[in-house]
Amino acid sequence: MDRERRQMRSIASKFETREAEGELLIEGYFAVFNTTYELWEGATESVAPGAFANTLGEDIRALIDHETRLVLGRNKAGTLELREDSHGLWGRIRINPNDQDAVNLYERVKRGDVSQCSFGFDIVSEETDFREDGSVHWTITEVRLYEVSVVTFPAYEDTAVSARKRDFAQLQQRENEKWRHEMRSRLKGDQKHGT
């Protein structure tokens, strides 16, 4: 399913701060593969390995709480490093010592006051699994990544959940229509054969 709809997902993570060669660094995972996130009761999603492979060369920013005015780093500037490994999407942000917002965040992460992360993206492709128990699970297989954020409160955005609910309702309607069509075809076939 191709969509151009900006979404955000948040996870609890363990960021580390460290100093190396005179630089302040924040490092950690912005996404973890194959971890199931509950959107609402009966609806979950996960991110598959390889989902970020085609997007890491694009222009991506690191932000504070998704605020576009609070830029921590940018991959095109060499101040944000992102890579995909077997665990997930790992990132390193080089903190600007002349940016008080960035230094303040570094100190909050260092103390453990801020330890969560999030990422903003569009879904390029995904798989939908309707399960026998009536639940649904989406596996995101490819994204277009715009930003990663160090956040105070990780949570699914209401807009993302609403978008997923609309997707789910549309998919259910299509599945119901497909089932009705198949049943009509079977009935017509049975009537032709005199059963």
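In what order do the four strands of the open sheet stand, and is their pairing parallel or antiparallel? In this predicted model, the order is β2-β3-β9-β8, and the strands pair in the antiparallel sense. The edges of the sheet are taken by β2 (16-20) and β8 (80-84), each of which has a single partner strand, so that one side of each is left without a neighbour in the sheet. On average, and with direction ignored, neighbouring strands of this sheet are turned by 20 degrees against each other. Between β2 and strand β3 (residues 23-32), the antiparallel pairing runs over five bridges, and Glu23 in β3 is the bridge partner of Ala20.

The largest nonpolar core comprises 34 residues, and those with the most contacts inside it are Phe30, Phe52, Leu72, Ile95, Leu145, Val148 and Val150. At least two residues of this core are supplied by each of several elements, among them the sheet strands β3, β8 and β9 (88-95), as well as β6 (61-64), β7 (67-74), helix α1 (100-111), β10 (116-130) and β11 (136-151).

With regard to the confidence of the prediction, the chain averages a pLDDT of 84, and 78% of the residues score at least 70. Among the elements of the chain, the highest mean pLDDT, 97, belongs to β8, whereas helix α2 (residues 158-192) has the lowest, at 65.

Terms used
Residues are numbered from 1 along each chain as its sequence is written. This is a predicted model: local features need pLDDT of at least 70, side-chain atom pairs count only at pLDDT 80 or more; totals for chains, interfaces and linings use all residues. Side-chain values use heavy atoms; hydrogens and water are left out. Two strands pair if DSSP finds at least two bridges between them. Axes are lines fitted to C-alpha atoms, for helices over the stretch in contact, and angles run from 0 to 180 degrees between N-to-C directions. A nonpolar core is a set of buried Ala, Val, Leu, Ile, Met, Phe, Trp, Tyr and Cys residues joined through side-chain atoms within 4.5 Å. Buried means under 20% relative accessible area, exposed over 50%, partly exposed in between (1.4 Å probe, protein chains only). pLDDT is the predictor's confidence in each residue, from 0 to 100.
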